[in-house]
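Subject: Structure handover

Hello,

Here is the structure you are taking over. My notes on what was found follow below it.

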Amino acid sequence: MNRVKVGKLDSELLEKIVFSHIKFRRKEVLVRSGIGEDCAVVDFGEYALVMSTDPITGAANEVGKLAVHINCNDIASNGIQPLGLMMTILAPEKTTEKEIDQIMEQAASEAAKLNVEIIGGHTEVTRAVNRIVISATAIGKQLKSSIVRNSEVKIGDKIIMTKTAGLEGTGIIAHDLEEKLSSTFSREIIEKAQKMVEYISVVKEGVIGGKIGASSMHDVTEGGLLGAVWEICSASKVGCNIYRDKIAISKETEEICKFLNINPLKLISSGTMVITISPDKEEKLIKELKKSGIDASVIGEITVTGKYLIENNREFEIESPQSDELYKVI
């Protein structure tokens with residue numbers, strides 16, 4: 001019997017042992033589970049209900065904050081502001097009241113900043129986990145006429161990324177492996193890396209992208225930047241050229257990943273959004289993002305077929321995302 005790897009199931013396994021069993025369909029469901037789709041969308045007349053769910057399992061610190069943002073980011077990838085969040089907390093034995101209190105303090109504070117209400121959930125201590133696990137579901141409300149589907153990318157669309165690659169993963173590593181890193185890196189580098197978790201929201205860029213008319217948006221989670229690009233292309237059955245020298249990576253991420261022998265382009269990166277958009281709207285999108293204090297750059301374009309990372313005039317095939325680089329070190 002084959003054992004599955006740690007981390008999110010790869011696309012082939014998802015199709016084989018998860019999606020293949022989901023055969024019943026309801027007419028009210030406008031967008032359903034699929035490779036490259038962050039959200040489900042359900043018809044409610046003039047409006048649609050947008051939903052997404054994700055757990056936090058790979059971080060010991062900042063879990064309350066991360067749980068809010070990774071779920072709200074998915075709603076933002078549909079071009080709208082999230083409005084509600086439900087959270088389930090599973091805590092191991094010996095968890096203290098203070099730890100639960102800190103998680104909820106973080107979550108409530110971050111949700112309020114996004115104008116999102118925590119509307120329900122569940123909290124329990126269980127022997128089934130050996131560290132705190134948070135699973136959350138975010139919801140949003142959207143006009144049906146404005147739905148963004150990641151299956152509607154067009155040949156020639158530009159591929160834009162915001163902020164830097166490996167953002168969330170760098171922050172998690174700097175918190176969880178602080179002692180290990182301190183033997184090699186300065187206090188300044190470690191603190192800068194830890195502060196990266198302050199920039200993991202993509203709600204602003206999602207709303208901006210929705211208003212300007214992005215053809216698709218995908219927040220960069222497990223599998224990193226290359227994984228997100230692969231999923232968008234697979235959803236629309238297109239290819240891409242991504243240029244390595246156009247990808248923004250911070251000095252802290254570069255050095256920490258080199259030290260740990262992991263690839264920053266395959267490292268979880270909530271806070272980074274991949275956006276595809278027609279060439280005639282590219283300049284306006286980047287201008288609007290920068291007006292809101294969000295760095296953005298064109299890193300490639302959509303092609304007919306073949307998914308390639310181009311570096312030093314050589315083409316490297318972008319493969320389907322496997323277990324995230326984070327799990328090699330955390």
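E205 and K163 form a salt bridge, in which the closest N and O atoms are 2.9 Å apart. As background, side chains of opposite charge can pair when their charged atoms come close. In the whole structure, a search finds 15 salt bridges. Please keep in mind that this is a predicted model.

Next, a helix pair. Helix α6 (residues 187-194) and helix α9 (residues 251-260) have axes that come within 9 Å and cross at roughly 105°. Angles of 65 to 115 degrees count as roughly perpendicular, so α6 and α9 are roughly perpendicular to each other. Where they meet, α6 contributes I189, K192 and A193, and α9 contributes E252, E255 and I256. Sorted by class, this contact has three nonpolar and three charged residues, and no polar ones.

Last, the surface. V4, I17, V18 and I22 make a nonpolar patch of about 300 Å² there. Of these residues, V4 lies in the segment before α1 (11-18).

Regards

Terms used:
Residues are numbered from 1 along each chain as its sequence is written. This is a predicted model: local features need pLDDT of at least 70, side-chain atom pairs count only at pLDDT 80 or more; totals for chains, interfaces and linings use all residues. Side-chain values use heavy atoms; hydrogens and water are left out. Patches are made of residues with over 30% relative accessible area and no salt bridge: like charges are joined within 9 Å, nonpolar side chains (Val, Leu, Ile, Met, Phe, Trp, Tyr) within 5 Å. Accessible areas come from the Shrake-Rupley method with a 1.4 Å probe; for residues, only the protein chains shown count as cover. A salt bridge is a side-chain nitrogen of Lys or Arg within 4 Å of a carboxyl oxygen of Asp or Glu. Helices (H or I, at least four residues) and strands (E, at least two) are DSSP runs, numbered from the N terminus. Axes are lines fitted to C-alpha atoms, for helices over the stretch in contact, and angles run from 0 to 180 degrees between N-to-C directions. Angles under 35 degrees count as roughly parallel, over 145 as roughly antiparallel, 65 to 115 as roughly perpendicular and the rest as oblique. Contact means heavy atoms within 4.5 Å. Ala, Val, Leu, Ile, Met, Phe, Trp, Tyr, Cys and Pro count as nonpolar, Asp, Glu, Lys and Arg as charged, and the others, Gly among them, as polar.
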